[in-house]
Amino acid sequence: MTEPRVHRDPAFALLSLYEAALPEVYGYLLSRCGDRTLAEELTSETFLGAVRACRKEFAPPVSTGWLIGVARHKLADHWRRKEREERGLRLVHEEEYTDPWDERLDALLAREVLASLGAHHQAALTLRYVDGLPVPEVAAHLDRTVHATEALLVRARAAFRRAYQEKEGRDV
């Protein structure tokens with residue numbers, strides 16, 4: 001009689017990568033959301049999601065880059081949830097502007113302004129201009145059509161510009 005074989009949990013592959021990947025994943029999230037508590041929560045969600053993914057039949061190879069991709073999805077999910085909550089609490093009247101804005105932005109002020117925007121605008125602007133994703137990929141992350149994402153980006157840029165100019169005027 002043969003003894004049953006014990007199969008190693010595929011999620012153990014994450015253990016060897018955890019210490020090296022943790023600061024990378026956390027740093028990625030913190031630089032995009034600017035909130036330590038939220039970055040910690042999303043980092044935790046990222047690793048929990050990675051464990052679940054590793055246990056699937058056709059699990060992807062585990063790497064820091066793959067974990068950053070999982071983190072990007074977790075952040076986009078967070079922004080979608082936040083945007084739905086905000087939408088449920090209030091109706092927003094947003095104007096559309098299409099003029100380009102070529103001025104150089106103060107990085108600290110730009111981060112502060114970005115953090116003050118609604119979640120849907122934060123998500124769109126961060127994915128498009130911080131992560132450098134093309135509009136179709138931004139649309140996929142936000143579960144929107146390309147056309148709806150383009151319209152969202154127009155409104156988000158206008159909202160960002162208005163908020164930036166207001167803050168800039170107060171700080172001068």
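**Figure 1. Order of elements in the protein chain.** From the N terminus on, the elements run α-α-α-α-α-α-α. The protein chain has 7 helices and 0 strands; helices (H or I, at least four residues) and strands (E, at least two) are DSSP runs, numbered from the N terminus. This is a predicted model, in which local features need pLDDT of at least 70 and side-chain atom pairs count only at pLDDT 80 or more, while totals for chains, interfaces and linings use all residues. Residues are numbered from 1 along each chain as its sequence is written, and side-chain values use heavy atoms, with hydrogens and water left out. Of the 172 residues in the protein chain, 38% are buried; buried means under 20% relative accessible area, exposed over 50%, and partly exposed in between (1.4 Å probe, protein chains only). Among contacts between residues at least 6 apart in sequence, 70% join residues at least 24 apart, a contact being heavy atoms within 4.5 Å.

**Figure 2. Crossing of helices α1 and α2.** Two packed helices are described by the angle between their axes and the distance between the axes. The axes of α1 (residues 13–33) and α2 come within 9 Å and cross at roughly 140°. Axes are lines fitted to C-alpha atoms, for helices over the stretch in contact, and angles run from 0 to 180 degrees between N-to-C directions. The two helices, α1 and α2, are therefore oblique to each other; angles under 35 degrees count as roughly parallel, over 145 as roughly antiparallel, 65 to 115 as roughly perpendicular and the rest as oblique. From α1, residues including Leu14, Tyr18, Leu22, Tyr26 and Cys33 take part in the contact, and from α2, residues including Arg36, Glu40, Thr43, Phe47 and Cys54. The residues of this contact divide into 16 nonpolar, 2 polar and 2 charged. Ala, Val, Leu, Ile, Met, Phe, Trp, Tyr, Cys and Pro count as nonpolar, Asp, Glu, Lys and Arg as charged, and the others, Gly among them, as polar.

Figure 3. Thr46 has its place in α2 (residues 36–54). Its relative accessibility is 0%, so Thr46 counts as buried. Leaving aside neighbours within four places in sequence, Thr46 is in contact with Val25, Leu29, Leu67, Val70, Ala71 and Lys74. Val25 and Leu29 belong to the α1 side of the contact between α1 and α2.

**Figure 4. Two sides of helix α4.** The buried residues in α4 (residues 107–116) are Leu109, Ala110, Val113 and Leu114. These residues cover an arc of only 135° around the axis, which puts them on the same side of α4; the arc is that of the directions from the helix axis to the C-beta atoms. Leu108 and Arg111 are exposed on the other side of α4.

Figure 5. In α6 (residues 135–142), Val135, Val138, Ala139, His141 and Leu142 are buried. Seen down the axis of α6, these residues fall within an arc of 165°, so they line one face of the helix. Asp143 follows α6 and lies in the loop between α6 and α7. Phi of Asp143 is near 55°, a positive value in a residue other than glycine. Asp143 is exposed, with a relative accessible area of 62%. Glu150 is found in α7 (residues 146–171) and, at 40% relative accessibility, counts as partly exposed. The C-alpha atoms of Glu150 and Val135 are separated by 7.0 Å, with the two residues 15 apart along the chain.
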